[in-house]
Amino acid sequence: MPAEDAPAPAPGAAPAGTPDAAPGAAPAAAAPGAAPVEVAAFGQRLRLAAPSAGFILTDSLWRLREIYEPALAAAAPLGAAGVAIDIGAGFGAFALPFARAFPGWTVWCFEPDPAAFAALAANIAGLGIANALALNLAVGAGAAGDDIAAIASALAGGDAPALARLAPPRSYRRPASLQGYLEAGTAEGEGMTGQSFPTLPAAALAALAPTLVKLVAPRSETAILEALAEVPVEVITGETWSPVAAGLAYRAAGWRQTWLPVAGVPALALRRAPDPGGRREGLDVVVPCHNARPWVEDCVAAILEGADEAVGVIVVDDGATDGSGEAVARRFADDRRVRVHRKENAGCASARNRGRMLSDATHIAFADADDLPGPGMFAGLLDLARYTGAEVVQAGFETLWAEADGGLRREPSYEATDWAFGNLAWTPFGGGEMAPVPAAVLLVGQPTIWRRVYRRDFLDARAIWFPEHIRAFDDQLFQHLTLYHAGSVPMARHLAYGYRQHPGQDIRQGDERAFYALEMFRLLARRALAEGWNGMGPIVRSYVNTLNWNWANLRPDLQAPFAAAAAELWAVLEGALGPAAFAGVAAGEVRATGFAPALRQVRTRLAGRAAGEALAFLDSCALHTPLVRAGIGRPPAPG
Amino acid sequence: MPLLTCITTTHNDGALLATGVRSVLAQGFADFEYIVVDDGSTDDTADRLAAIADPRLRVLRQANAGLSSARNRGVDHARGDYVCFLDADDSRPDWAFAAIARAIGEHAPDVVLCRGVLREIRGEPLPFYDSGRFGALADLCPEGAAGRDHPAAARIWAEAYGLEPQAASKAVARALIGTRGLRFPDGHYFEDVFFHSLALAAAGRIAFVQTPCFTYFRRYARPQITATAGERRFDVLAVMRMTLDAFALTPDFDDPACRGAVLASCLKLAEWCATMIARPQRAGFRALAATVLALADPRWLDLADTAVDPALLDRFLVLPGGHADAR
């Protein structure tokens with residue numbers, strides 16, 4: 001997408017000094033090659049001289065309506081006085097209605113292109129807008145040897161001739177294929193035209209003490225935002241031509257409400273807005289830890305790798321008896337980002353919930369103590385969250401297997417070769433690629449809640465917690481609720497979570513804990529009905545997958561009661577969720593021996609009752625792991 | 001008497017109340033009064049309001065009676081020539097009142113309708129849902145206002161009925177409210193479509209402001225009252241019934257495009273609710289929706305053009321059978 005307000009001049013046009021401002025009455029006298037156009041924004045209607053290139057004009061007006069007006073409206077109130085700088089001001093489509101609507105503000109306009117600048121200067125003079133000042137300069141990166149003090153002093157004094165003399169010439173280029181687009185850099189190869197414009201080193205902008213910045217400066221965005229890091233800017237909008245580091249909006253001085261879409265990439269826009277809950281803008285990664293001493297320190301170190309102060313770790317020592325909490329506390333004693341919380345043992349769900357209750361951050365994640373997140377994974381996901389605003393963002397994952405020599409073997413997850421992922425609209429982000437993944441794709445996959453980052457306000461408003469009495473498979477409920485309500489999940493596929501495989505994993509024991517999976521699906525059905533979900537198919541598909549996964553290594557004495565309970569729950573779900581939920585699934589897919597006859601039997605008993613959704617309230621001792629373990633409600637085995 | 005009265009109702013909005021209040025009191029245009037109706041808040045809202053020292057602000061208190069009742073209370077006490085509304089957790093851009101006042105000064109309309117901004121739940125500031133219709137209105141009515149004698153009046157009114165009914169999008173002449181007895185439907189949410197339709201039916205002249213004058217925030221910190229899966233969704237059917245009955249007695253009802261637009265607005269809202277309400281309530285919701293249409297003037301279904309998508313209409317005319325999920 002071409003830069004706004006950066007029209008193509010005649011080839012070889014020389015950079016101008018201060019052009020003649022065309023004096024006269026409104027409507028503004030047109031500069032050569034310019035035609036008057038009506039610009040309406042911020043409650044103002046102005047007739048402005050505009051360069052003749054039709055596309056650039058349309059694009060400027062589109063941007064005003066689609067980006068700038070909404071961004072400033074959402075940032076209200078801006079207040080009666082302030083200093084705005086408009087970098088890439090063009091003929092003034094943003095700056096001049098803004099200056100009219102905010103007469104108590106000072107508006108500095110920077111425009112390198114001579115033709116656009118001539119129109120801008122003519123418009124200011126023609127309309128008599130006293131609070132707008134225009135300078136025929138680009139703004140960009142500085143260089144050694146720039147006399148910033150002298151330039152800043154000339155700038156603060158609005159001394160255009162001095163600035164034209166002092167501002168160093170820098171290289172810009174125009175690809176012939178993009179009408180009107182101008183970016184920083186030297187021209188290389190075919191189809192690229194080079195030009196040089198006097199360029200204000202961005203560091204000098206601090207002298208103006210801007211409170212609002214409108215930024216259209218392709219390939220100079222990072223330099224400009226870095227130069228403004230110490231300036232308490234309150235509102236930033238515009239566009240960027242590639243994603244800049246999200247920290248430039250979040251680590252800088254001042255409260256900077258930010259709306260910077262990435263041109264041509266609807267999925268990405270750097271955004272920052274006040275959190276009404278007053279939460280710390282950042283991410284806490286909760287690490288539930290029960291006897292994970294061999295791994296937990298590596299896990300914490302991996303979370304913090306590449307992260308700044310925005311990322312914290314809350315290790316919840318869930319009654320560990322191997323000193324893992326103490327080990328973490330010792331190892332990270334000097335790192336304020338790491339907190340260790342000790343509690344009595346109550347299971348993984350309880351530890352995750354406790355960590356969340358201790359967190360004051362806007363974003364939260366849950367990593368397992370025996371796993372190994374890839375380097376920079378959580379820092380990268382926080383950036384992705386700041387570029388998408390999404391309720392849930394995620395990395396990829398891989399399984400880690402211990403080798404006999406002490407090394408790790410890594411296996412990519414099934415997603416790496418899944419066409420549903422390969423076909424997504426991947427776009428460059430953060431040194432790799434991102435794409436929004438439809439929730440439906442993830443809902444039927446493996447529960448992988450640990451490679452995701454969640455918005456805290458989302459989890460709170462939707463009342464999504466880990467059910468603490470469910471001591472295994474609690475993450476299934478969490479997975480379904482978060483994904484269903486999020487709808488789509490931006491994924492960074494160059495980031496990966498290492499999911500360590502070892503014999504001690506809870507869910508591989510084949511004991512009574514398998515029954516937690518059944519209770520979990522009943523709870524899920526109740527929630528889905530009460531919350532009015534549309535599309536229950538993934539619940540049923542996921543139920544089949546979970547039954548088969550559990551069946552594969554279930555203890556023999558538990559197989560008959562498991563098959564019977566699973567069959568009753570199947571019939572309950574049929575009645576409660578309705579036939580549409582079962583459209584893509586056949587009961588024959590369930591591999592548990594004894595499931596089919598048990599299902600026939602329970603269907604016969606339920607026939608003609610038509611309890612409908614109310615069936616989800618039906619419960620059974622056979623769905624409760626502690627009762628199954630105690631033999632409560634279980635008929636004696638025949639014989 | 002001030003030119004504008006702005007009415008905000010609040011119920012336990014806490015810190016979010018500052019969003020609306022700050023943006024109103026910071027308006028560049030000064031000739032307005034601001035009424036905040038505290039609808040039975042039990043948190044620190046009263047203290048927060050008491051802490052604001054601004055002579056333009058008047059606070060009215062009532063026991064909790066719902067949004068419609070609170071707005072009506074505000075209207076009863078309004079002194080401005082025009083009345084507008086803003087929810088506590090929404091905001092107005094700095095230029096909003098100036099733009100509305102200019103439209104009033106230039107056109108002396110009965111109703112002013114403004115563009116808005118939607119701050120999405122993921123933080124995107126976007127033109128409001130009805131931006132396209134405002135574009136169509138700008139083409140139909142480049143002069144920015146139309147009376148009943150405008151050559152395109154019928155099309156302009158039909159487009160205006162089809163705008164989002166959102167209360168913040170309009171300023172209504174208080175004289176019109178008084179003489180027609182315009183009110184929000186007490187006791188109900190999804191109230192805006194009733195007020196919107198009847199205000200436009202009563203209006204002899206409408207002005208359009210093509211710059212955004214409010215920002216509607218979707219947020220998790222305070223989900224919209226109307227965004228639950230609960231029984232409150234049934235309110236939409238009660239309001240639809242009242243809207244269809246009242247509008248059928250206005251002259252614009254005779255125009256198929258106008259009544260088509262009003263019906264389409266009602267059905268769109270009701271359909272949205274039908275897909276959001278808890279699943280055990282769905283069959284009852286569908287049945288009641290069909291009942292509302294059965295009770296309405298038969299001419300509501302005598303639609304000459306394509307104002308209402310026939311597939312959508314069918315979902316309301318055919319009574320549900322079997323499991324709600326099968327539909």
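Student: Which word describes A:Arg63 and A:Asp59, buried or exposed?

Tutor: In this predicted model, A:Arg63 is buried, and A:Asp59 is buried as well. Buried means under 20% relative accessible area, exposed over 50%, and partly exposed in between, with a 1.4 Å probe and protein chains only. Because the model is predicted, local features need pLDDT of at least 70 and side-chain atom pairs pLDDT 80 or more, while totals for chains, interfaces and linings use all residues. Residues are numbered from 1 along each chain as written, chains are lettered from A and ligands numbered from 1 in written order, and side-chain values use heavy atoms without hydrogens or water.

Student: What makes the side chains of A:Arg63 and A:Asp59 a salt bridge?

Tutor: A salt bridge requires a side-chain nitrogen of Lys or Arg within 4 Å of a carboxyl oxygen of Asp or Glu. The N to O distance between A:Arg63 and A:Asp59 is 2.4 Å, so the pair qualifies. Both residues belong to helix α1 of chain A, four residues apart, about one turn of the helix. Helices (H or I, at least four residues) and strands (E, at least two) are DSSP runs numbered from the N terminus.

Student: What does the salt bridge between B:Arg61 and B:Asp38 tie together?

Tutor: The side chains of B:Arg61 and B:Asp38 meet at 3.7 Å, N to O. B:Arg61 lies in strand β3 (residues 57-62) of chain B and B:Asp38 in strand β2 (residues 32-39) of chain B, so the bridge ties together parts 23 residues apart in sequence. B:Arg61 is exposed because its relative accessible area is 55%, whereas B:Asp38, at 1%, is buried.

Student: How do you know that A:Thr237 is buried, and which backbone oxygen lies 3.0 Å from a polar atom of its side chain?

Tutor: A:Thr237 has 0% relative accessibility and therefore counts as buried. The residue is found in strand β11 (residues 235-238) of chain A. The backbone oxygen in question is that of A:Trp259. A polar contact is a pair of N or O atoms within 3.5 Å; within protein, one must be able to donate a hydrogen and the other to accept it, and residues adjacent in sequence count only if both atoms are side-chain atoms. Beyond its neighbours within four places in sequence, A:Thr237 is in contact (heavy atoms within 4.5 Å) with residues including A:Ile67, A:Val213 and A:Leu260.

Student: How many residues of chain A are in contact with chain B, and what area is buried between the chains?

Tutor: 49 residues of chain A are in contact with 41 residues of chain B. The size of an interface is often given as the accessible area lost when the parts come together. Here the buried area (accessible area lost to a 1.4 Å probe, summed over both parts) is about 3,400 Å², and carbon and sulfur atoms give 55% of that area. The chains share 21 residue pairs in polar contact, both residues at pLDDT 80 or more, and two salt bridges. B:Arg122 and A:Glu391 form a salt bridge, their closest N and O atoms being 2.8 Å apart. On the side of chain A that touches chain B, α1(A) gives the most, with eight residues.

Student: How many salt bridges are counted between domain 2 of chain A and domain 3 of chain A?

Tutor: The count is zero salt bridges, although eight residue pairs are in polar contact, both at pLDDT 80 or more. An automatic or database assignment sets the bounds, giving domain 2 as 280-506 and domain 3 as 514-630. The area buried between these two domains is about 1,600 Å², with carbon and sulfur atoms giving 68%. In domain 2 of chain A, A:Phe473, A:His480 and A:Tyr484 lose the most area to domain 3 of chain A, together 35% of what that side buries.
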